[in-house]
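Subject: Handover of a structure for your review

Dear colleague,

Please find the structure below, followed by an account of what was found in it.

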Amino acid sequence: MSSSRSKKIFLILSVAVPFIAYCLYYYTMMVGNAPYKFSEFKSIVFEYGTGDSLLNKYNSATGDYQYVDARDSLIKKHLRLNKDELLYLHRKAADLGFWNFPAVEKNHSSPDKNAPHYKIQYNYDRKSKTVLYSADFDGPETLKDANQRLIKEIQRILNDAEIKHKK
């Protein structure tokens, strides 16, 4: 009986230990070689508007924030996002696959000049990624959905930070 038990333990250890070691090695290398790491994060630039005019702008490096309000007045503020908010936006971009988005996403066949346009730029020590997205983009639905979700999250974080800043 002891012989059978020791064979099972040996078999489990000979499979499980190498598998766990390989997983640790693989994920350590994968995380270490990730192209966009938060430890190298510098800033986010987010701009949007209709047509060629991107009047609404936010730059996390400078804290400059301007937008057109409901009364068509241009509001300029200084707004800083904290490290947790920036980390959340970094992770949200990674979750949605932002690093794999095409650089330009617009409707090439019949562009709508009144459609909202967005510029999203993440800056890091060694790289940056910029995506120009038009709401009338005629690409795959999954890509459109990912863009819209990232835009909503950025806008939500900016709105929440502005509310906190007012208090």
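Does Val17 count as buried, partly exposed or exposed, and why? Val17 counts as partly exposed because its relative accessibility is 48%; buried means under 20% relative accessible area, exposed means over 50%, and partly exposed lies in between, with a 1.4 Å probe and protein chains only.

Before the remaining findings, a note on their basis. This is a predicted model, in which local features need pLDDT of at least 70 and side-chain atom pairs count only at pLDDT 80 or more, while totals for chains, interfaces and linings use all residues. Residues are numbered from 1 along each chain as its sequence is written, and side-chain values use heavy atoms, with hydrogens and water left out.

Val17 belongs to helix α1, residues 2–32. Helices (H or I, at least four residues) and strands (E, at least two) are DSSP runs, numbered from the N terminus. Together with Ile9 and Leu13, Val17 makes a nonpolar surface patch of about 270 Å². Such patches consist of residues with over 30% relative accessible area and no salt bridge, with nonpolar side chains (Val, Leu, Ile, Met, Phe, Trp, Tyr) joined within 5 Å and like charges within 9 Å. The areas come from the Shrake-Rupley method with a 1.4 Å probe, and for residues only the protein chains shown count as cover.

The sheet

An open sheet of seven strands has the order β4-β3-β2-β1-β6-β7-β5, with mixed pairing. At the edges stand β4 (74–78) and β5, each with a single partner strand, so one side of each has no neighbour in the sheet. Strands β2 (residues 56–59) and β3 (residues 64–68) run antiparallel and are joined by three bridges; two strands pair if DSSP finds at least two bridges between them. Lys57 has Gln66 in β3 as its bridge partner.

Salt bridges

There are nine salt bridges in the structure, each a side-chain nitrogen of Lys or Arg within 4 Å of a carboxyl oxygen of Asp or Glu. One of them links Lys42 to Asp125 at 3.0 Å, N to O. Lys42 is in strand β1 (residues 41–50) and Asp125 in the loop between β6 and β7 (128–134), so this pair ties together parts that are 83 residues apart in sequence. Another joins Lys164 and Glu85 at 2.9 Å, N to O. Lys164 is in helix α3 (residues 141–166) and Glu85 in helix α2 (residues 83–96), so the pair ties together parts 79 residues apart in sequence. Glu85 is buried because its relative accessible area is 9%, whereas Lys164, at 48% relative accessibility, is partly exposed. Within it, the closest N and O atoms of Lys37 and Glu40 are 3.9 Å apart.

Asn107 lies in the loop between β5 (104–105) and β6 (116–124) and counts as buried at 10% relative accessibility. Its side chain reaches the backbone oxygen of Asp136 at 3.4 Å. Leaving aside neighbours within four places in sequence, Asn107 is in contact (heavy atoms within 4.5 Å) with Asp136, Phe137 and Asp138.

Leu143, in helix α3, is buried at 15% relative accessibility. Leu143 and Phe101 are 42 residues apart in sequence and 7.6 Å apart in space, C-alpha to C-alpha.

Yours sincerely

Terms used. A polar contact is a pair of N or O atoms within 3.5 Å; within protein, one must be able to donate a hydrogen and the other to accept it, and residues adjacent in sequence count only if both atoms are side-chain atoms.
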